[in-house]
Amino acid sequence: MPYLLFKQGMVDQIYNLVSAHYFDSPYFKPWQPLTYMFFHGGWMHIIFNMFALYSLGAILEYHIGSQKFVAFYFICGLGGIALQLAIQAFEVHQIIGSFTTPNIDATLNLLPAAAQSKLAGIYVSSMVGASGAIFGLFIAFGMIYPNAELMIMFIPIPVKAKYVMPVYVLVELSLGIGQFGGDDVAHFAHLGGAILGFILVKAWRLQGPGNYIN
């Protein structure tokens, strides 16, 4: 019985077309690095991302301009999927000694159970959400407005952005490296967006109000 079977439901088919898959997966399509940003894995996922986009994104858009903001957002989103795919490629190479395989089902049949599960998970799993782009905005906000005070869930006092952003990055890095069971969050996609956000702030010489260089 094949390990990889395309789902037949209409919703599943649409999801498989728009969510981001590993580039050697039979589910992969060239448009997915863009479309994955517009779909989410549940109400809480989209509510959190859109709240962050509204609260932080509006300030950044006003500061750097709409055109530059849109470019910043999508570049960070692409950075998120790029790092996620790079990590997956590294994991695939560790298992089979190559980044691709001409026949995934045949390859899986040659592997021990643990390696089968890991490789099959990479080839059938997918990613949706704007979190990579949102993390890019997080980093940009913290760099441009380091002393802005933010209210963080479960913390009763405001915390300056320059302290919040590094903590977020360290948490995502530890969770990504740890790969804890039951965690289905693409932490390296968050980190990819954060890295691109940092690079763009530096490359575009974005600074705080009064110091902005166009």
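Biologist: Leaving aside neighbours within four places in sequence, with which residues is Glu-91 in contact?

Modeller: In this predicted model, the place of Glu-91 is in helix α4. Its relative accessible area is 12%, and because buried means under 20%, Glu-91 counts as buried. Once the neighbours within four places in sequence are set aside, the residues in contact with Glu-91 are Lys-118, Ile-122 and Gln-179.

Biologist: Which side chain meets that of Glu-91 in a salt bridge, and at what N to O distance?

Modeller: A search of the whole structure finds 1 salt bridge. The pair links distant parts of the chain, with one partner in helix α6 (residues 113–124) and Glu-91 in helix α4, 27 residues apart. The side chain that meets Glu-91 is that of Lys-118, and the N to O distance is 3.5 Å.

Biologist: How are the rings of Tyr-22 and Phe-23 arranged?

Modeller: A search of the whole structure finds 10 aromatic pairs. The rings of Tyr-22 and Phe-23 form one with centres 4.5 Å apart and planes at 40 degrees. Tyr-22 is buried at 0% relative accessibility, whereas Phe-23 is partly exposed at 35%. Because planes under 30 degrees apart count as stacked and those over 60 as edge-to-face, the angle of 40 degrees makes this pair tilted.

Biologist: And how are the rings of Tyr-73 and Phe-74 arranged?

Modeller: The centres of these two rings, Tyr-73 and Phe-74, lie 5.6 Å apart, and their planes stand at 85 degrees. Tyr-73 is buried, with a relative accessible area of 11%, while Phe-74 counts as partly exposed at 28% relative accessibility. Since planes over 60 degrees apart count as edge-to-face, the pair of Tyr-73 and Phe-74 is edge-to-face.

Biologist: Which residues form one aromatic cluster with Tyr-73 and Phe-74?

Modeller: Tyr-73 and Phe-74 pair with their ring centres 5.6 Å apart. The cluster that holds both of them also takes in Phe-38 and Phe-69.

Biologist: Which residues make the nonpolar surface patch of about 450 Å²?

Modeller: One member, Trp-43, lies in helix α3 (residues 43–64). Trp-43 has a relative accessible area of 71%, and because exposed means over 50%, this residue is exposed. The patch of about 450 Å² is made by Trp-43, Met-44 and Ile-47.

Biologist: What covers the buried residues of helix α9?

Modeller: Helix α9 (residues 187–203) has 17 residues and reaches 24 Å from its first C-alpha to its last, close to the 24 Å expected at 1.5 Å a residue. Its buried residues include His-187, Phe-188, Leu-191, Gly-197, Leu-200 and Val-201. What covers the buried residues of α9 includes α4 (66–96), β2 (126–127), α7 (131–144) and α8 (161–178).

Biologist: What phi does Arg-205 take?

Modeller: Arg-205 is found in the segment after α9. Its phi is a positive value in a residue other than glycine. Just after the helix, then, Arg-205 takes a phi of about 55 degrees.

How values were computed. Residues numbered from 1 in each chain as written. Predicted model: local features only at pLDDT ≥ 70, side-chain atom pairs only at ≥ 80, totals over all residues. Heavy atoms only, no water. Helix = DSSP H or I, 4+ residues; strand = E, 2+ residues; numbered from the N terminus. Expected span 1.5 Å × (residues − 1). Buried < 20%, exposed > 50% of the residue type's maximum accessible area, 1.4 Å probe, protein only. Contact = heavy atoms within 4.5 Å. Patch = residues over 30% accessible without salt bridge, like charges linked within 9 Å, V, L, I, M, F, W, Y side chains within 5 Å. Areas by Shrake-Rupley, 256 points an atom, 1.4 Å probe, with all protein chains shown as cover. Salt bridge = Lys/Arg side-chain N within 4 Å of Asp/Glu carboxyl O. Phe/Tyr/Trp six-rings, centres within 6.5 Å; stacked < 30°, edge-to-face > 60°.
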